[in-house]
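The following note concerns a metal site and some backbone geometry. Please read the points alongside the coordinates.

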Amino acid sequence: MTLFRIILSVLVLAFAAPVGAQTPAKQLFGAKDTGSRQKPAAYGSYSKGCVAGAAELAETGPTWQAMRLSRNRNWGHPDLVDYLQDLSKFAAKQPGWKGLYIGDLSQPRGGPMLSGHRSHQMGLDADIWMLPASRINLSRNTRENISSISVSSKNEASVNGNWSRAHHRILREAAKDKRVARIFVSPGIKVQMCKDETGNRRWLRKIRSWPYHNYHFHVRLACPKGAKGCTNQNPPPKGDGCAEAQQWVNNILNPPPPKPKDPNAPKAKPRKKGPYVLADLPQQCASVLQSQ
Ligand SMILES: [Zn+2]
């Protein structure tokens, strides 16, 4: 019996989760299924950070549904949850829309993820489906299995028949909000919005071209006011960004020839090998992880 116990404890030790210094941070953060009981705070940057005291976006609200619930990524800084609720109320006023279908925010404590995004780590990023939320009572199972729709051509150089004025209005409302730093959409979508907007164009500056944003758009909030340890991205270049979006589209349609290599160019900094470990993240993230 004693020998059996010894063998058992050796086995337990060998297979217990190695919370060692070399464990990839995505495994540590991916294992947490609730937010930390801390004062809400976003730490680090969008692609290397974590979130303390995250709030859970309710799976279903009066004007939204969170999708793909099995991923447990409906967590964010409370400001993000408030923002999404506000935007969903606006969306619900559009013809054919009862609100928004909301994809990934962050994991309960943010941090790197086992699959998918590089960003979405500070609880300030959210993906919103382009599929109009025509009903707000989808079952869990349906929310796992239905897909969004693309509102652009396959090469993302132009919008397709799924694009609507309602999308334009929702994106405009989304961008006008002071809490927002940037919104990513496919280049062809931005070009269409540039063509269609007849009023104030200032908000267009926040709508940025980025590939693979035709099934959803990605909203990125700025660091909350006065937040310490939260690093904003540089603001987008001045102006409405419409010429730049057109250039993206031109490059899709007529790809420029590859630039010849400059033999005198400085060598690129070697990138860190392997996935991030906890020590690569801001130091506050260790307590976010350990907290109850
Ligand atoms: Zn995203």
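1. H120 is buried, at 0% relative accessibility; here buried means under 20% relative accessible area, exposed over 50% and partly exposed in between, with a 1.4 Å probe and protein chains only. H218 is likewise buried, its relative accessible area being 5%.

2. The model is a predicted one, in which local features need pLDDT of at least 70, side-chain atom pairs count only at pLDDT 80 or more, and totals for chains, interfaces and linings use all residues. Residues are numbered from 1 along each chain as its sequence is written, and side-chain values use heavy atoms, with hydrogens and water left out.

3. The zinc ion has as protein donors H120 (NE2), D127 (OD) and H218 (ND1), which lie 2.1 to 2.3 Å from the ion. Donors are N, O and S atoms within 2.8 Å of the metal (3.2 Å for Na, K and Ca); water is not among the atoms, so the site may look incomplete.

4. The sequence spacing of these donor residues is H-x6-D-x90-H. H120 sits in the loop between β7 (100-102) and β8 (125-129), and H218 in strand β11 (residues 216-221), so the pair ties together parts 98 residues apart in sequence. Strands (E, at least two residues) are DSSP runs, numbered from the N terminus.

5. Most residues other than glycine have a negative phi. R68, not a glycine, has a positive phi of about 50°; R68 lies in the loop between β5 (64-66) and β6 (75-76) and is partly exposed, at 22% relative accessible area.

6. N72 is also placed in the loop between β5 and β6, and its phi is positive, near 55°.

Methods. Helices (H or I, at least four residues) and strands (E, at least two) are DSSP runs, numbered from the N terminus.
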